[in-house]
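Please consult the sequence and the structure shown below while reading.

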Amino acid sequence: MRFARLVVHRMTREPLALLVEEDADRCLVVSVRAPQAEVIDRGPRAAEPSDDDRMTQDLLADLAGLLGRRLDRGEIVDLVDDRFKAELVLDDGTRLPGRPSDVLAVAVREALRIEVADAVLDAVGQSFSELGGDRPEPAREAAEQVEQMREFLEEATAQDFARPPDGGEGRDPGRSPG
């Protein structure tokens with residue numbers, strides 16, 4: 001899997017991470033907490049980060065290195081009661097359970113491989129193209145639609161919103177016909 005992008009849920013305004021299966025159309029949408037979304041949005045850390053660029057998530061890789069290990073990958077391993085279970089995996093196979101948003105933040109920050117258990121993808125995976133994820137820039141497309149609506153509204157008159165001739169004039173608008 002690869003991290004494709006962050007999106008915001010239309011109704012809840014919660015950040016979501018979109019993970020896409022390599023060379024396939026399946027994807028997984030994972031809810032992430034706002035602080036982790038900010039880390040994910042910053043992307044991989046620089047090879048030589050300054051003290052101001054270092055983040056809390058960077059300490060995990062540094063600590064693993066001090067212990068003679070390195071972070072190998074992030075995994076979403078299970079789905080229990082509609083909640084993902086995730087783990088960071090070290091190069092020796094040691095597993096550290098964590099919230100999915102934390103595991104994804106560290107994986108993106110350290111440019112780690114991201115894996116998702118087949119059972120999880122089979123249960124809740126979605127079509128990337130059906131979600132519109134295959135559009136190169138969905139944010140730009142949405143912005144263009146908003147701009148078109150603004151242009152329409154700037155020139156609209158009250159008559160543009162009048163009822164059509166068969167709109168049932170004389171009827172009480174609170175009552176249904178018949």
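## Residues with positive phi

D23 sits in the loop between β2 and β3 (26-31), where helices (H or I, at least four residues) and strands (E, at least two) are DSSP runs, numbered from the N terminus. The phi of D23 is near 55°, a positive value in a residue other than glycine, and D23 is exposed, with a relative accessible area of 83%; here buried means under 20% relative accessible area, exposed over 50%, and partly exposed in between (1.4 Å probe, protein chains only). Most residues other than glycine have a negative phi.

A111, in the loop between α3 and β7 (113-116), also has a positive phi, near 55°, and counts as exposed at 57% relative accessibility. G43, which follows α1, has a positive phi near 80°.

## Basis of the model and overall fold

The model is predicted, so that local features need pLDDT of at least 70 and side-chain atom pairs count only at pLDDT 80 or more, whereas totals for chains, interfaces and linings use all residues. Residues are numbered from 1 along each chain as its sequence is written, and side-chain values use heavy atoms, with hydrogens and water left out.

The protein chain has five helices and eight strands, arranged along the sequence as β-β-β-α-α-β-β-β-α-β-α-β-α. Of its 178 residues, 31% count as buried. Among contacts (heavy atoms within 4.5 Å) with a separation of 6 or more, residues 24 or more positions apart account for 49%.

In helix α1 (residues 34-42), Q36, A37, V39 and I40 are buried. Seen down the axis of α1, these buried residues fall within an arc of 160°, so they line one face of the helix; the arc is that of the directions from the helix axis to the C-beta atoms. P35, E38 and D41 are exposed on the other side of α1, while the cover over its buried residues includes β1 (2-8), β2 (15-20) and α3.

Helix α3 (residues 100-109) is mostly covered, with nine of its 10 residues buried, among them P100, S101 and R109. In helix α2 (residues 58-66) lies D58, which is buried, with a relative accessible area of 0%. Leaving aside neighbours within four places in sequence, D58 is in contact with R45, D53, R109 and E110.

## The largest nonpolar core

A nonpolar core is a set of buried Ala, Val, Leu, Ile, Met, Phe, Trp, Tyr and Cys residues joined through side-chain atoms within 4.5 Å. Of the 29 residues in the largest one, M1, L19, L28, V30, I76, L104 and V116 touch the most other members. The largest share of this core, six residues, comes from α3. Leaving aside neighbours within four places in sequence, L28 is in contact with M1, A17, L18, L19, I76, F84, V116, V120, L121 and V124.

## Surface

The protein chain exposes about 12,100 Å², of which carbon and sulfur atoms supply 49%; accessible areas come from the Shrake-Rupley method with a 1.4 Å probe, and for residues only the protein chains shown count as cover. L153 belongs to helix α5 (residues 138-155) and is partly exposed, with a relative accessible area of 47%. M149, F152, L153 and F161 make a nonpolar surface patch of about 430 Å². Patches are made of residues with over 30% relative accessible area and no salt bridge, like charges being joined within 9 Å and nonpolar side chains (Val, Leu, Ile, Met, Phe, Trp, Tyr) within 5 Å; a salt bridge is a side-chain nitrogen of Lys or Arg within 4 Å of a carboxyl oxygen of Asp or Glu.
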